[in-house]
Amino acid sequence: MKAKIHITLKNGVLDPQGKAVQTALAGLGFTGVNDVRQGKFIELELTETDRAKAEAQVDDMCKKLLANTVIENYAIEIVEG
Amino acid sequence: MKSAVIVFPGSNCDRDAQTALRDVTGGEVVMQWHGDADMPDVDAIVVPGGFSYGDYLRCGAIAGNSPVMREVVKRAEMGVPVLGICNGFQVLTEVGLLPGVLMRNADLKFVCRDVFLRVETTTSPFTTQYTPGQVIKVPVAHHDGNYVTDADTLKLLQDQDRVAFRYVDATGARTPGANPNGAMDDIAGVLNEKRNVLGMMPHPERLIDQVLGGTDGRAMFESVLAAVA
């Protein structure tokens with residue numbers, strides 16, 4: 001099974017890269033973008049077949065390595081197959 | 001005094017740190033490979049600058065999980081002075097020895113220049129040989145030095161006198177232009193609660209010889225020497 005993990009900056013944490021992207025979009029004429037927040041997307045191929053166990057494992061991975069919970073939130077999606 | 005410098009794949013200030021320690025303390029300096037948790041007894045540890053593991057995932061994140069860092073955390077908890085410089089500072093925040101995180105510089109640019117620091121506390125094994133409020137010149141070279149922490153932690157750092165250095169101008173004044181990376185509260189270096197772990201973005205190990213532009217970094221290593229003597 002697969003795990004899809006979205007890692008995003010917490011609200012209130014300044015995102016200078018997001019701001020730069022927003023400025024660049026405006027420069028290209030894309031108006032109407034109020035805010036840009038940049039994050040990471042990580043995909044894992046897991047050997048675990050039990051959904052709940054897989055989710056618990058990935059949660060532990062996020063806490064210990066994949067995300068820095070001081071500044072980042074993460075969301076896990078477990079996908080069959 | 002015997003000391004250790006941790007070497008990760010991608011460290012590039014490890015030899016400078018070794019030279020600084022050897023030159024100032026006169027003692028043996030062990031170059032400790034990241035995969036080897038079997039570190040000899042040492043009086044002080046430096047986690048040097050560089051780009052450990054290519055800064056993959058987040059600066060310091062992979063290095064923070066290396067076998068040797070688990071040992072460094074243990075030694076720090078035993079009271080051994082641990083100094084993290086630049087990437088080393090990032091590693092120390094990732095392993096939880098220091099609070100906060102180093103984010104991308106506010107202007108997104110890699111900054112490489114001399115900055116002025118004000119010594120904010122001399123109550124630590126790293127700063128006794130400076131005078132309180134002393135302004136020193138030390139180079140920075142980083143892309144991710146923008147110190148961020150939550151409001152409660154910031155207040156704690158201030159109340160407990162744990163901000164070791166702040167970015168200032170040559171006169172010692174805090175001005176917007178003096179802060180090279182947007183760090184919160186102009187913080188250039190912070191101490192842990194027990195005051196035996198210091199993380200800082202600037203590079204004191206690069207200023208220990210007049211030939212290289214100054215000697216303002218020497219007092220840091222002299223302080224460590226005095227502390228463990």
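In the predicted model, B:Ala4 stands opposite B:Ile45 in strand S3(B). Helices (H or I, at least four residues) and strands (E, at least two) are DSSP runs, numbered from the N terminus. This is a predicted model, in which local features need pLDDT of at least 70 and side-chain atom pairs count only at pLDDT 80 or more, while totals for chains, interfaces and linings use all residues. Residues are numbered from 1 along each chain as its sequence is written, chains are lettered from A and ligands numbered from 1 in the order in which they are written, and side-chain values use heavy atoms, with hydrogens and water left out.

S1(B) and S3(B) run parallel and are joined by 3 bridges. Two strands pair if DSSP finds at least two bridges between them. S1 covers residues 3–7 of chain B. A parallel arrangement also links S1(B) to strand S2 (residues 29–33) of chain B, here over 5 bridges. Within S2(B), B:Val29 is the bridge partner of B:Ser3.

S1(B) is mostly covered, with 5 of its 5 residues buried. Buried means under 20% relative accessible area, exposed over 50%, and partly exposed in between (1.4 Å probe, protein chains only). In a regular strand the side chains alternate between the two faces of the sheet. In S1(B), B:Ser3, B:Val5 and B:Val7 point one way, B:Ala4 and B:Ile6 point the other way, and all are buried.

Strand S7 (residues 135–142) of chain B is also mostly covered, with 6 of its 8 residues buried. S7(B) pairs with strand S6 (residues 111–119) of chain B in the antiparallel sense, over 8 bridges. B:Val135 in S7(B) stands opposite B:Arg118.

The structure holds 1 cavity of 30 Å³ or more. A cavity is a set of points on a 1 Å grid over the protein atoms alone where a 1.4 Å probe fits but cannot get out; lining residues have an atom within 4 Å of a point. The volume of the largest cavity is about 40 Å³; a volume is the space filled by probe spheres set on the points, which are joined across faces, edges and corners. Its lining includes B:Leu21, B:Ile45, B:Pro81, B:Phe126 and B:Phe221. Strand S3 (44–47), strand S4 (82–85) and helix H5 (218–228) of chain B each give two or more residues to this lining. The largest share, 3 residues, comes from S3(B). The lining of the largest cavity holds 10 nonpolar residues, no polar and no charged. Ala, Val, Leu, Ile, Met, Phe, Trp, Tyr, Cys and Pro count as nonpolar, Asp, Glu, Lys and Arg as charged, and the others, Gly among them, as polar.

Note on methods:
On a 1 Å grid over the protein atoms alone, a cavity is a set of points where a 1.4 Å probe fits but cannot get out, and a pocket is an open set with protein on both sides within 12 Å along at least five of seven lines; lining residues have an atom within 4 Å of a point.
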